[in-house]
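Here is my note on this chain, as numbered points. Please read it with the coordinates open.

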Amino acid sequence: MAIKILVVDDDPDIRDILKLTLSEENYEVLEAGDGEEALKIINSKSPDLVLLDYKIPKVNGRQVCMEVKKDLLLRHLPIIMVTGKGDISDKVSGLDAEQMIML
C-alpha cells in the first residue's frame with residue numbers, strides 16, 4: 001500500500017508539480033486547495049503526511065495545524081508547513097501552532 005501524502009496549496013501549479021514529483025516516487029497524492037478541504041480530507045482519508053502551505057484560503061495553514069494537533073487521534077500526523085514568505089515571525093508562528101498544542 002502506497003504512503004498517502006496530502007498536498008495543501010491554493011496554487012494548482014504547485015500542487016501539480018508536487019503531485020507529479022511524488023507520484024514518480026510511488027506516493028499516493030491527495031490534494032486540497034484550501035484549509036477547509038484539507039481538514040475534510042485529513043478526517044476522511046487518513047493521510048500519512050501533510051505538506052501544508054502556510055497561507056491558504058478559508059482556514060489558514062496555522063489553523064489547520066492547530067486543529068489537527070488538538071485531535072487525540074490525529075496529533076501525531078506529521079505536518080510539514082511550507083511558505084514562500086521569508087518573514088521570521090511567520091516561521092515562528094507556524095512552529096507555535098504545533099508547540100501550543102503539545103505543551
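The points below go from the overall model to single residues.

1. Basis. This is a predicted model, in which local features need pLDDT of at least 70, side-chain atom pairs count only at pLDDT 80 or more, and totals for chains, interfaces and linings use all residues. Residues are numbered from 1 along each chain as its sequence is written, and side-chain values use heavy atoms, with hydrogens and water left out.

2. Confidence. The average pLDDT of the chain is 87, and 82% of the residues score at least 70. Here pLDDT is the predictor's confidence in each residue, from 0 to 100. Residues 99–103 stay under 50. For that stretch the model has seven contacts beyond four places in sequence. Contact means heavy atoms within 4.5 Å.

3. Secondary structure. There are four helices and four strands. Their order along the sequence is β-α-β-α-β-α-β-α. Both kinds of element are DSSP runs numbered from the N terminus: helices are H or I with at least four residues, strands are E with at least two.

4. Burial and surface. The chain has 103 residues, and 39% of them count as buried. The cut-offs on relative accessible area are under 20% for buried, over 50% for exposed, and in between for partly exposed (1.4 Å probe, protein chains only). The accessible surface is about 6300 Å². Carbon and sulfur atoms hold 54% of that surface. The areas come from the Shrake-Rupley method with a 1.4 Å probe; for residues, only the protein chains shown count as cover.

5. Contact range. Take the contacts between residues at least 6 apart in sequence. Of these, 62% join residues at least 24 apart.

6. Helix pair H2 and H3. How do the axes of H2 and H3 cross? They come within 9 Å and cross at roughly 25 degrees, with H3 spanning residues 61–70. The axes are lines fitted to C-alpha atoms, for helices over the stretch in contact, and angles run from 0 to 180 degrees between N-to-C directions. H2 and H3 are therefore roughly parallel to each other. The angle classes are: under 35 degrees roughly parallel, over 145 roughly antiparallel, 65 to 115 roughly perpendicular, and the rest oblique. H2 passes H3 in a right-handed crossing. On the H2 side, the contact is made by Gly35, Leu39 and Ile42. On the H3 side, Val64, Glu67 and Val68 make it. On handedness, a crossing is left-handed if the near helix is turned anticlockwise from the far one by less than a right angle, and right-handed if clockwise.

7. Asn26 is not a glycine, yet its phi is positive, about 70 degrees. Asn26 sits in the loop between helix H1 (12–24) and strand E2 (28–32). Is Asn26 buried or exposed? Asn26 is exposed, at a relative accessible area of 61%. Ser46, also a residue other than glycine, has a positive phi near 45 degrees. The loop that holds Ser46 runs between helix H2 (35–45) and strand E3 (49–53). Ser46 is partly exposed, at 48%.

8. Around Tyr27. Tyr27 is in the loop between H1 and E2. Its relative accessibility is 33%, which counts as partly exposed. Which residues does Tyr27 contact, leaving aside neighbours within four places in sequence? They are Ile3, Ile5 and Leu22. The C-alpha atoms of Tyr27 and Ile5 are 6.9 Å apart, across 22 residues of sequence. Ser23, in helix H1, is partly exposed at 35%.

9. Ile3 and Glu28. Ile3 belongs to the segment before strand E1 (4–8). Ile3 is partly exposed, with 43% relative accessible area. Not counting residues up to four places away in sequence, Ile3 touches Tyr27, Glu28 and Asp48. The C-alpha atoms of Ile3 and Asn26 are separated by 8.0 Å, and the two residues are 23 apart along the chain. Glu28 lies in strand E2 and is partly exposed at 36%. With residues up to four places away left out, Glu28 touches Ala2, Ile3, Lys4 and Ile5. Glu28 and Asp48 are 20 residues apart along the chain, and their C-alpha atoms are separated by 9.8 Å.
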